[in-house]
Number of protein chains: 2
Amino acid sequence: MTKIKGRTEIAELGQFGLIDELTAPFTPKVKSTIKGVGDDAAVIEASKSTALLLSTDTMVEGIDFDLTYFPPKHLGYKAVTKGISDIVAMNALPEQITISLAISSKISVEFLKDFYAGVEFACREAKVDLVGGDTVASINGLVITITATGRAKKEKVVYRSGAKLHDLICITGSLGAPFLGLKLLQRESRVLEGVVGEKPQFEGFEYLLERYLKPRARYDIIESLAEEGIVPTSMIDISDGLASDLMQICRSSLCGARIYLERMPIARQCSQLGEQMHIDPITAALNGGEDYELLFTLPLEMREKVASIGCIDIIGHITEPQTGCFLVTPDGSEIELRAQGFVRKQE
Amino acid sequence: MTKIKGRTEIAELGQFGLIDELTAPFTPKVKSTIKGVGDDAAVIEASKSTALLLSTDTMVEGIDFDLTYFPPKHLGYKAVTKGISDIVAMNALPEQITISLAISSKISVEFLKDFYAGVEFACREAKVDLVGGDTVASINGLVITITATGRAKKEKVVYRSGAKLHDLICITGSLGAPFLGLKLLQRESRVLEGVVGEKPQFEGFEYLLERYLKPRARYDIIESLAEEGIVPTSMIDISDGLASDLMQICRSSLCGARIYLERMPIARQCSQLGEQMHIDPITAALNGGEDYELLFTLPLEMREKVASIGCIDIIGHITEPQTGCFLVTPDGSEIELRAQGFVRKQE
């Protein structure tokens with residue numbers, strides 16, 4: 001890339017550096033702002049005891065999804081998941097969403113009806129209301145912005161910044177499946193380009209497709225944690241990949257981390273497809289992203305209690321800040337974790 | 001346009017028909033949703049006595065703004081105005097915003113810094129916090145989505161649906177200036193295309209440019225109305241043009257309206273540029289849009305009280321629903337108002 005004088009390319013700063021620099025002047029000044037920029041969601045005072053959470057996400061056609069293999073109904077469902085997952089990551093239950101669409105002339109009314117059918121299905125499942133939005137014309141491609149709100153008792157809100165030395169690092173469900181689901185869709189789309197009468201080969205990998213096309217936000221875990229009386233010390237949802245999101249927790253909590261390769265929750269279908277396609281499922285788990293699982297930390301003494309919930313794995317622990325963030329392999333060697341932001345997921 | 005079987009073009013339904021059809025299944029089910037889709041902002045329960053307002057707007061490069069003559073700092077300012085104006089239109093004061101950007105590789109870090117400088121300036125002026133957002137890559141063009149929150153006592157929230165027979169129709173400030181400002185920018189941009197060393201001719205029309213490039217939301221009016229103890233019966237902000245927005249009030253309030261041509265608040269510069277460019281300033285006022293002024297209705301007996309605020313004009317009154325929405329000319333003839341939605345503002 002040629003350097004133009006007085007012009008800094010965004011790639012030179014990287015996504016996180018850029019956001020840090022741009023949002024630096026925006027320290028909260030309004031009385032009702034409890035937490036501004038820098039977590040999964042902003043925290044706003046609702047009443048004396050209650051906080052309202054607010055979060056916004058944007059999905060761009062050709063970057064975040066490809067309409068050649070993303071059915072509109074699934075896209076609507078996934079947009080809702082992406083929005084409410086940020087609320088869930090604050091240990092709150094989502095309540096309302098708005099959806100703004102910039103739509104090109106390529107999009108038909110039938111497409112939009114299917115898209116909103118998916119939105120409606122996800123809203124019903126998550127007990128969330130669609131309360132507004134905007135529908136405008138775009139020159140090129142579909143851009144979806146989803147804003148979500150949620151509510152929690154103020155003392156139950158969990159930030160990225162609360163992880164403490166020796167805390168357990170926990171992860172819900174399994175990782176890497178959405179990334180491998182995407183790779184499968186891309187492979188079949190390449191294979192069948194221009195071919196008539198053939199069907200894509202998805203047998204045995206339906207779980208991977210479902211995790212990519214129709215991921216569910218883990219509001220069920222928020223309910224389970226509440227039932228067990230557990231309030232994590234820190235939490236984030238896995239949207240950019242375990243490595244990047246764990247590093248966000250470490251950055252906000254001023255700590256280091258060790259996670260263990262053999263404890264990584266990887267679904268069987270991930271290993272199978274990974275072998276076929278020569279993709280390391282651990283890399284998919286670390287850097288794939290879009291898992292919408294929850295990554296959280298807990299004091300050591302909560303080990304038994306959290307185990308009783310099920311579908312939660314303890315994958316490591318919090319260390320001193322100067323020790324950095326590493327993946328420990330079974331032979332004891334340590335691999336430094338690297339964050340990926342602004343990676344174009346589609347190829 | 002060729003009709004494709006099983007495919008309905010969005011133009012066939014129109015923006016309002018489309019939104020009606022898509023949002024029909026979304027009746028509020030969550031306890032905290034006071035008002036869902038169908039007004040300037042959604043209304044959410046904050047506490048027993050207080051409501052939180054929530055609104056989202058999207059602006060698309062090439063449709064809503066042209067970067068060849070829209071300075072990034074002004075664009076940031078205007079995005080905030082567009083967002084908070086919807087909160088103001090509910091008779092509430094804005095408190096927080098989030099901004100999501102989909103940015104192409106054309107956008108530099110310097111552009112984003114200027115953009116956020118404009119955001120910061122507008123936030124400071126309106127006493128609003130930027131509390132979050134999302135920054136993602138786009139293939140083509142800049143897409144800005146702004147979400148705004150605000151707060152009001154529940155009984156002070158004003159909806160589009162409350163206008164009553166014989167109510168006065170009031171408008172703040174003047175109309176049509178942003179549309180004429182845009183026309184001026186487009187003219188000078190055409191004239192100077194490929195010309196070196198010449199400057200655009202804006203003298204005498206600075207007000208029009210400012211109204212287009214740096215409009216201010218009328219939160220000052222919300223404070224003035226509160227000081228006078230006035231709660232309008234209905235309110236909307238002028239974003240699509242007076243005709244379209246008045247028809248929204250009539251549609252929601254199940255009423256008709258008469259507005260009077262000679263009462264239309266038109267700035268002197270609008271008439272002057274309109275004459276030069278053969279644009280009827282009344283048409284600009286009715287259909288131009290992006291004025292971000294407030295259109296509201298009041299009981300007849302409030303006439304004196306509202307007059308004391310200043311910068312508010314009474315332009316007509318509410319009539320029976322079956323009488324429709326008309327502009328009355330000085331000779332007594334009536335011109336039916338027509339809504340424009342989904343009109344591409346740029347040419």
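## Basis of the model

Because the model is predicted, local features need pLDDT of at least 70 and side-chain atom pairs count only at pLDDT 80 or more, while totals for chains, interfaces and linings use all residues. Residues are numbered from 1 along each chain as its sequence is written, and chains are lettered from A, with ligands numbered from 1, in the order in which they are written.

## Relation of the chains

The same surface serves both copies, since 100% of the contact residues of chain A recur in chain B; two residues are in contact if their C-beta atoms, placed from the backbone, lie within 7 Å.

## The contact between chains

Chain A and chain B each give 67 residues to the contact. On the side of chain A, the elements that give two or more residues are α1 (10-23), β2 (42-45), β3 (50-60), β4 (93-103), α3, β5 (129-137) and β6 (143-153), where helices (H or I, at least four residues) and strands (E, at least two) are DSSP runs numbered from the N terminus. The largest share of this side, 9 residues, comes from β5(A).

By class, the side of chain A that touches chain B has 30 nonpolar, 24 polar and 13 charged residues. Here Ala, Val, Leu, Ile, Met, Phe, Trp, Tyr, Cys and Pro count as nonpolar, Asp, Glu, Lys and Arg as charged, and the others, Gly among them, as polar.

## Helices α2 and α3 of chain A

Within chain A, helix α2 (residues 72-88) packs on helix α3 (residues 109-126) at an angle of about 40°, with their axes 6 Å apart; axes are lines fitted to C-alpha atoms, for helices over the stretch in contact, and angles run from 0 to 180 degrees between N-to-C directions. That makes α2(A) oblique to α3(A), a term for angles that are not under 35 degrees (roughly parallel), over 145 (roughly antiparallel) or 65 to 115 (roughly perpendicular).

The residues of this contact divide into 15 nonpolar, 4 polar and 2 charged. Among those in α2(A) are A:L75, A:V80 and A:I84, and those in α3(A) include A:F111, A:F115 and A:F121.

## Residue B:V157

B:V157 is found in the loop between β6 (143-153) and β7 (168-172) of chain B. B:V157 counts as buried because it has 23 C-beta neighbours inside 10 Å, the cut-off for buried being 20 or more other C-beta atoms within 10 Å. Not counting residues up to four places away in sequence, B:V157 touches B:V43, B:A51, B:M90, B:N91, B:A92 and B:A152.

Notes
Buried ≥ 20, exposed ≤ 12 C-beta atoms within 10 Å, placed from the backbone.
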